[in-house]
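Student: I have a structure to read. Can you take me through some of its features?

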Amino acid sequence: MLRANEVKRKLARGDLVHGLFCTAPAPEFVEMIAHGGYDFVVLDTEHTLLGGRELIHAIRAAEACGLTPFVRIAKGDFATGLRALDAGAMGIVVPHVRSRADVSAAIDALYYAPLGKRSLGSGRSSGFGRYDPVEHLRRANDEIMLVALIEDAEGVADIDRILSGGGVDMVLPGPADLSQSFGVPWQLGDVRVRDALDRLRAACAEHGVPYCAMARTSQRYAQWRAADVRAFVCGDAVDLAAAALRRGLAELRG
């Protein structure tokens, strides 16, 4: 049976949650993230060749370790989102949300009626048909999360309309693509990027939607905590592993 979404419950209680992207097609990375004390993992199928078998094993690893698995799809790739949910993913990160129409399309694809038009199946998340199908649909609609990835200037400008219709469980900014949309790629400290992130956080607070900050340094983490942000993506597990490898060799050499 579909598990309880602990991230959704913690956010409802006002607790802190921390997660990492994972671009490695290796369940062991997912297990390490869980044992590192994180609450959720975002399995990235947009920027990797993470395929169906690797994805289902990564979801299994997350479940076994008490980690909440989300899956980031490529733009418009709701077929991958459907398969990920059928395999047990607890939420879908939808990239490049620029308008309310993008949210409506995601709801249609990822939720069952009466919320949406998600295709009916009897995959792993339903116990392969073991559980009452009507109850499974209700539970799936209650537990899964739609995470809107705002990474375009149009999305920032339209954030109030994006959130005002409901259906978005969390907003995740994409600072890198945001910087490119403002014409300053990878210049994450540019004032236009910083202002856009602040605008998103403020809109989320106004609409009662959790804002999930990207925080890779203790300084940025403290700044977001001072703004009462309670959800964080703290980077990519692969980047952290690569940095640790470089640091280890450097420290060994002295």
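Predicted model: local features only at pLDDT ≥ 70, side-chain atom pairs only at ≥ 80, totals over all residues.

Student: Which residues touch the most other members of the largest nonpolar core?

Tutor: In soluble globular proteins, nonpolar side chains tend to be buried together. A nonpolar core is a set of buried Ala, Val, Leu, Ile, Met, Phe, Trp, Tyr and Cys residues joined through side-chain atoms within 4.5 Å. Here the largest has 58 residues; V30, L43, I150, L163 and Y211 touch the most other members. Apart from it lies another core of 21 residues, including L2 and M170.

Student: Is N141 buried or exposed?

Tutor: Buried means under 20% relative accessible area, exposed over 50%, partly exposed in between (1.4 Å probe, protein chains only). N141 has 11% relative accessibility, so it counts as buried.

Student: What does N141 touch?

Tutor: Contact means heavy atoms within 4.5 Å. Not counting residues up to four places away in sequence, N141 touches K8, Y111, Y112, A113, P114 and L115.

Student: Which residues lie nearest the centre of the largest pocket?

Tutor: A pocket is an open set of points on a 1 Å grid where a 1.4 Å probe fits, with protein on both sides within 12 Å along at least five of seven lines; lining residues have an atom within 4 Å of a point. Of 22 lining residues, H47, R72, A176, W186 and R216 lie nearest the centre of the largest pocket.

Notes:
Residues numbered from 1 in each chain as written. Heavy atoms only, no water.
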